Amino acid sequence: MFLLIILYWDDVSLYPLQEPKHNPHEPLNLYPRPGTTPGLLHSLPTNLSHPSSPSSVPSTPAGFVFSKSGTDEAEQRRKDVGNEVEKEEVKGDMHIREEDAERTREEKQKEDEKERRREVEKRRQEDRRRRIVEVCSGNGSVEFPGRNRTLGQIPNKELDHLIVDDKHQIIYCYVPKVACTNWKRVLAVLSQSLVSPSTGQPYSDPEAIPADLAHKSFHGLTLAYFWRRYGSMSRHLMGLKLQHYTKFLFVRDPFVRLISAFRNKFGRPNEDFYQQFGSVILRLYGNLSAVPASAEKAFEAGLTPTFKQFVSYLLDPESERTAEFNEHWRQVYRLCHPCQVQYDFIGRLETLEEDSDQLLRILGVDHLVHFPNGAHNRTAASWERDWFAQVPMAMRNELYRLYQPDFELFGYPKPEALLHM
């Protein structure tokens, strides 16, 4: 037994623990892949154990430190990626919040602008109504027939321009050459009184209604016909509706309206207006003993009334002794009676689009109908100088006096440039 112990010891001493040879220029491979040469840890004897525990694992050589495992590195990468994603999400959330804040600011600005615009519109209507009250009270510089009349003193026939819509409780005084065709179209859509022959249904688009049909559709629906429908109760009912219904009209610069009327009725062949007015103007103010028999022949011969001759007709006192002014050039105060009817809304052709939008909102029907687009051939105020070029200064001033009530009632400035050239 003693001999065996010596041999075992000698055997151990003959094979000391050595590190395998390693090239210093190559990285140390602590975790060799299968099939490769083992590194330092794998060269250790597998039968070495801690003296106190025969089952303990091989010890780690002194001076060596293990790196993080692959699992730890993957976990760290996941954390890093998660942090970056979280940062991007925070940036995205901040960007969204900034966009929401910007959108909120823009919406608030739009609302503020809308509120300012409506406040301007409200004050403008107050100014227009106040102006009428002042002129009708005698505080203006003009006197005109009928200013002091009461509503009961106005003959029925003079109320023929006030259209009544009982369904929507509206009274509209239409003024020819001031977008009245389009307003009649709007009222026709609201009342559903006109049926389209193509669909068999009431018109829903005002622009689809023919102009002549729009004008004819309200015959018999004005205050002038109340006496036929209500007899002795007509004036009482008229007063109630004028008190409770929303009343409106649209006006225009008086001289520009005259030019528009002349262009429309005498600037192209119109047989009715030629026979009733054109031929008379040519005979009386054109020094023609014989005039063409028809409007077409008059245009072929180049014998049509001039604007100066038209003004002469308007200024001649004999003209209205023969027949009342046609509605296209009759003064607005005679058509709509603003001193007797307290209008809730006074629109102007010069601000037609915005006034129309405002009125439809006031009436509560802006979701039911839109106002048609304006005419592209509208007479411009800048044309006045050209149209009045052949009209003597004395006639211009006389014409102004004839239409001065309309200028003052509706706040149009005196056309000094035309009257004092």
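Contact is taken as heavy atoms within 4.5 Å. Helices are DSSP runs (H or I, at least four residues), numbered from the N terminus. The model is predicted: local features need pLDDT of at least 70, side-chain atom pairs count only at pLDDT 80 or more, and totals for chains, interfaces and linings use all residues. Residues are numbered from 1 along each chain as its sequence is written, and side-chain values use heavy atoms, without hydrogens and water.

Eight of the nine residues of helix 10 are buried, so this helix is largely enclosed by the rest of the structure. Buried denotes under 20% relative accessible area and exposed over 50%, with partly exposed in between (1.4 Å probe, protein chains only). The buried set comprises F307, Q309, F310, V311, S312, Y313, L314 and L315. Their cover includes helix 7, helix 8 (271-285), helix 11 (317-322), helix 14 (384-387) and helix 15 (393-409).

Helix 7 (residues 254-266) packs on helix 10 (residues 307-315) at about 110°, and their axes lie 11 Å apart. Axes are lines fitted to C-alpha atoms over the stretch in contact; angles run from 0 to 180 degrees between N-to-C directions. The two helices are therefore roughly perpendicular (65 to 115 degrees). Helix 7 contributes L258, I259, F262 and F266, which meet F307, F310 and L314 of helix 10. By class, this contact has seven nonpolar, no polar and no charged residues.

P269 sits in the loop between helix 7 and helix 8. P269 counts as exposed, at 52% relative accessibility. Beyond its neighbours within four places in sequence, P269 contacts A295 and F299. The C-alpha atoms of P269 and K297 are 9.1 Å apart, across 28 residues of chain.

Note on methods: Parallel < 35°, antiparallel > 145°, perpendicular 65-115°, else oblique. Nonpolar A, V, L, I, M, F, W, Y, C, P; charged D, E, K, R; others polar.
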